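Here's a quick briefing to read with the model open beside you.

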Amino acid sequence: MKLAVWTYEGPPHVGAMRVATAMRGLHYVLHAPQGDTYADLLFTMIERRDHRPPVSYTTFQARDLGADTAGLFKSACQDAVDRFAPQAIIVGASCTAELIQDDPGGLSETMGLGIPVVPLELPSYQRKELFGADETFYQLVKALARPQQRTEAVSCNILGGTALGFRHRDDIREITGLLAEMGIAVNVCAPLGATPADIARMPAAHFNVLLYPETGESAARWLEKAHGQPWTKTVPIGVGATRDFIAELQRLAGTDAAPDDSRLRLPWWSGSVDSTYLTGKRVFLFGDASHVMAMARVARDEMGFELAGMGCYNREFARPLRALAKDYGVEALITDDYLDVEAEIERLAPEMILGTQMERHTAKRLGIPCAVISAPVHVQDFPARYSPVMGFEGANVLFDTLVHPLVMGLEEHLLAMFREDFEFHDAAGASHHGAKAMRRAPDDAPGPQPTGEVPDQVRDGSGYDIVWLPAAERELKKIPFFVRGKARRNTEAFAAERGVAQIDIDTLYEAKAHYAR
Amino acid sequence: MTRLAPPAQGGCRAAPVLKERGQREVFCGLTGIIWLHRKMQDAFFLVVGSRTCAHLLQSAAGVMIFAEPRFGTAILEESDLAGMADAQAELDREVARLLARRPDIRQLFLVGSCPSEVIKLDLSKAAERLTQAHAPRVRVLNYSGSGIETTFTEGEDACLAAMVPVLPETQARDVLIAGALPDVVEDQMLGLLEAMGIGPVRVLPAHRIDDETAVGPNTVFALTQPFLAETRAALMRRGARHIPAPFPFGEEGTTAWLAAIAAEFGVSADRFAAVTDAPRDRARRAVARAAETLRGKSVFFLPDSQMEISLARFLARECGMTPLEVAQPYIHDAIHGPELDLLPAGPRIAEGQDVDLQLDRVRADRPDLTVCGLGLANPLEAEGLTTKWAIELVFTPVHFYEQAGDLAALFARPLRRRDALRLEGAS
């Protein structure tokens with residue numbers, strides 16, 4: 001047993017729902033108790049879909065147990081096929097039905113439904129949502145894809161897009177446009193937008209474009225083995241990765257056609273002088289492994305940030321993420337406990353967090369700027385406007401997304417220059433909050449303010465106390481609040497390294513000189 | 001202080017009830033934790049369940065999750081399913097860790113889920129054992145919020161019913177009010193009863209374990225929520241007597257509810273009028289404003305909270321709406337009967353659900369307003385129907401006089417919005 005409040009991933013049958021809801025002409029019959037329909041609202045509310053997810057629940061209750069839950073399942077199956085006339089169905093059990101062992105696969109196969117029935121084995125007590133999506137898509141492809149001739153013109157499938165995917169809708173549109181400019185046709189995009197009949201003709205493509213390894217890699221591997229289709233290994237998030245992705249496509253398609261990159265603005269925006277202040281901003285990355293790994297490159301090489309740390313919640317991808325973190329010289333954090341992530345963030349004291357919905361809240365609590373780069377996300381991250389994160393427009397979107405939470409360079413300078421002016425002192429509050437809001441200083445924990453005469457004590461890792469002398473504490477306060485945390489941490493590290501027990505003004509400036517870039 | 005007049009064409013109590021079984025688009029009882037934990041300030045709700053349970057609570061609780069909430073899920077893992085003894089030891093360990101980290105917790109509820117019920121994990125035994133282990137600081141109780149046994153608000157019922165047997169015994173002629181209300185509403189209710197000279201008034205659930213009320217053979221009790229059948233039965237087993245009444249929604253409902261208690265305590269008509277006349281008038285005026293939008297419109301209730309019959313009564317009698325179908329997850333004659341007497345004859349009364357068949361009826365009826373869950377609301381809006389999502393009615397203060405106008409406005413707003421949006425071009 002493990003106590004949880006927040007979970008990064010839902011149970012695996014929610015992953016299967018993500019595949020079913022992404023597709024058309026497919027229905028999911030889920031053996032599940034009353035109440036499991038809650039998952040419908042993830043799709044109708046968060047993703048704002050205008051139709052019910054194509055899922056029928058058996059809705060068994062206590063009085064059905066030991067009587068005829070198998071019969072309930074069969075009638076739900078028959079009703080779903082009669083009412084919705086799907087091309088194929090997937091059947092499976094939620095966590096509770098897994099315990100009563102009715103075997104949805106076996107039951108539905110004996111029914112003679114006249115359409116393909118794909119049974120799912122999703123171990124609810126071991127695996128999670130992303131596994132559920134990956135496995136469901138794999139089982140569908142394995143069951144439905146038929147050997148066939150390649151298309152005459154070079155074509156590919158786009159794999160991995162699902163319902164409830166972070167920016168999947170626009171990523172796929174962006175990448176489809178990029179492929180078109182290179183003269184590569186899209187044979188099938190799946191699961192998002194595909195029908196079971198589309199899945200059947202996937203082997204006609206020359207190769208596969210895998211955009212989301214978390215939800216499409218098993219299918220990509222199987223298609224490679226069974227139908228000889230190679231697949232792309234680069235996730236095209238960021239300028240460099242998109243260029244590598246294009247090179248990969250050129251090799252796979254045997255073409256030297258390149259897409260139009262005239263609308264790519266990230267390189268110039270990032271190179272312009274206003275971006276200079278971004279240099280060396282320490283960022284912490286957390287999310288699903290693929291987005292984190294891709295964003296690490298964007299953060300360091302395209303925005304000029306420094307990586308403070310990185311991690312992911314999906315253990316399935318721990319190995320590549322650990323390897324990449326090592327390359328970047330940071331430690332990998334593999335956990336699905338948001339409290340561990342919060343502790344790591346507090347320890348590292350980054351200047352910016354790139355993460356999920358949970359990190360957004362952690363960042364808010366700690367007063368650190370944050371941008372969302374990965375699911376799970378809330379309703380505002382399924383925007384109405386076009387907002388891919390992949391390809392060239394994706395790079396433009398990322399630049400804006402990553403810069404907006406940070407104080408703009410000019411503002412930073414103005415604040416430093418005028419910081420003793422009455423409008424800008426620490427307790428003034430933001431004017432757009434009508435001066436009522438008290439700004440939260442990331443550095444000063446809420447509670448009694450130091451009087452200035454009582455030295456502030458800190459304890460470093462070696463259990464040895466470092467004391468801030470009042471004058472140094474006052475000097476520290478003169479540093480703009482958004483860099484004060486970094487200054488305090490650097491100074492303490494500097495003092496600890498040298499065995500200095502008391503921090504005075506000199507120590508502060510020695511440390512500043514030491515860390516000066 | 002007379003009883004409410006029944007409708008001219010008769011009520012719905014004798015109407016045939018359409019009983020359906022099939023796919024139910026409803027929440028399970030675990031959802032009740034979301035509002036119960038806010039009411040009971042020294043309680044922690046520990047669900048023993050699966051990742052699905054944790055995911056449900058997260059989806060239902062939204063941003064509340066980030067405020068260090070007093071609930072969580074002990075997620076069962078593969079190893080817990082192997083042997084029973086092991087699961088109990090695991091539970092003890094998790095509870096000990098939790099209580100060590102949260103010394104402010106005085107009551108712990110072990111909440112059963114579908115998985116824990118199916119593997120027959122004995123949470124009542126666990127609660128007894130843990131009560132002994134953590135006495136006297138913490139009392140541990142258990143109830144089931146599982147989907148196989150409870151529908152949405154029945155989770156609150158199961159929780160309160162679990163508390164009744166351990167309430168201290170009293171011989172006093174107290175009045176006990178059962179049902180978790182928002183604090184602002186509870187204070188209004190207590191103010192009204194006090195002004196009539198009725199008291200002492202006890203509430204279930206109380207804010208804290210120490211100001212909990214007692215119960216005994218001279219206790220009389222009233223319910224503020226229509227979903228408290230088990231709690232009612234548990235209180236009657238302790239010898240308490242139920243004061244049946246319509247529920248305090250709208251001006252009429254609130255007046256009838258107060259009148260039933262006033263009659264029990266022999267409050268004079270003058271006194272009753274002195275206390276209620278002004279707020280009644282305020283409530284009538286507030287409702288009248290929202291009712292301008294609602295009058296003459298039809299409404300269809302899908303089953304959700306067991307508040308549907310009471311709300312349909314309010315909308316029909318005070319706002320001039322025409323209910324077409326009123327469905328509840330369950331209908332208990334002793335509790336919903338007085339409401340059915342007041343609901344004007346006409347609508348289909350339904351118990352249970354087969355969601356696809358019911359949606360066929362919604363499409364055939366094309367009601368002006370459909371009250372339904374969040375899983376159905378947007379899909380129905382996309383079909384051109386106007387909806388009001390039901391869960392808001394459970395979280396928002398809607399009871400008693402001062403909230404009557406807000407209650408009507410919750411139903412009026414979607415209709416006003418439909419009229420307000422102009423999305424076509426000018427030509």
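A word on helix axes before we start: they are lines fitted to C-alpha atoms over the stretch in contact, with angles running from 0 to 180 degrees between N-to-C directions. Keep in mind that this is a predicted model. In chain B, the axes of helix α11 (residues 269-294) and helix α12 (residues 308-319) come within 10 Å and cross at roughly 95 degrees. Angles of 65 to 115 degrees count as roughly perpendicular, so that is how α11(B) sits relative to α12(B).

- Helix α7 (residues 154-163) of chain B has 10 of its 10 residues buried, so it is largely enclosed by the rest of the structure.
- The cover over α7(B) includes helices α1 (33-39) and α9 (229-237) of chain B, along with strands β2 (43-49), β4 (107-112), β5 (139-144) and β7 (201-204) of chain B.
- In helix α14 (residues 355-365) of chain B, the buried residues are V355(B), D356(B), Q358(B), L359(B), R361(B) and V362(B).

**Where the chains meet**

- Chain B puts 60 residues into the contact and chain A puts in 54.
- Together the two chains bury about 5000 Å², with 59% of that on carbon and sulfur atoms.
- Four salt bridges run between chain B and chain A.
- R52(A) forms a salt bridge with D356(B), with the closest N and O atoms 3.0 Å apart; D356(B) is also one of the buried residues of α14(B).
- T37(A) sits in the loop between β2 (26-31) and α2 (40-46) of chain A, and its relative accessible area of 5% makes it buried.
- Beyond its sequence neighbours within four places, T37(A) is in contact with Y57(A) as well as Q23(B), R24(B), E25(B) and V26(B).

**Salt bridges**

- Over all chains, the whole structure has 52 salt bridges.
- R361(B) and E20(B) pair through their side chains at 3.1 Å, N to O.
- That pair links distant parts of the chain, with R361(B) in helix α14 of chain B and E20(B) in strand β1 (residues 17-20) of chain B, 341 residues apart.
- R361(B) is buried at 16% relative accessible area, and E20(B) is buried at 13%.
- E94(B) and R97(B) form a salt bridge at 3.7 Å between the closest N and O atoms; both lie in helix α4 (residues 84-101) of chain B, three residues apart, about one turn of the helix.
- E94(B) counts as buried at 3% relative accessibility, whereas R97(B) counts as exposed at 53%.
- Shared partners join E20(B), E325(B), R348(B), R361(B) and D365(B) into one salt-bridge network.

**Chain A**

- Chain A has 20 helices and 16 strands, and buried residues make up 58% of its 517 residues.
- M390(A) lies in the loop between β13 (370-372) and α16 (391-403) of chain A, and counts as buried at 0% relative accessibility.
- Setting aside residues up to four places away in sequence, M390(A) touches D171(A), E174(A), I175(A), L211(A), Y212(A), V235(A), P236(A) and I237(A).

Methods
Residues are numbered from 1 along each chain as its sequence is written. Chains are lettered from A and ligands numbered from 1 in the order in which they are written. This is a predicted model: local features need pLDDT of at least 70, side-chain atom pairs count only at pLDDT 80 or more; totals for chains, interfaces and linings use all residues. Side-chain values use heavy atoms; hydrogens and water are left out. Buried means under 20% relative accessible area, exposed over 50%, partly exposed in between (1.4 Å probe, protein chains only). Helices (H or I, at least four residues) and strands (E, at least two) are DSSP runs, numbered from the N terminus. Angles under 35 degrees count as roughly parallel, over 145 as roughly antiparallel, 65 to 115 as roughly perpendicular and the rest as oblique. Contact means heavy atoms within 4.5 Å. Buried area is the accessible area (1.4 Å probe) that two parts lose on being put together, summed over both.
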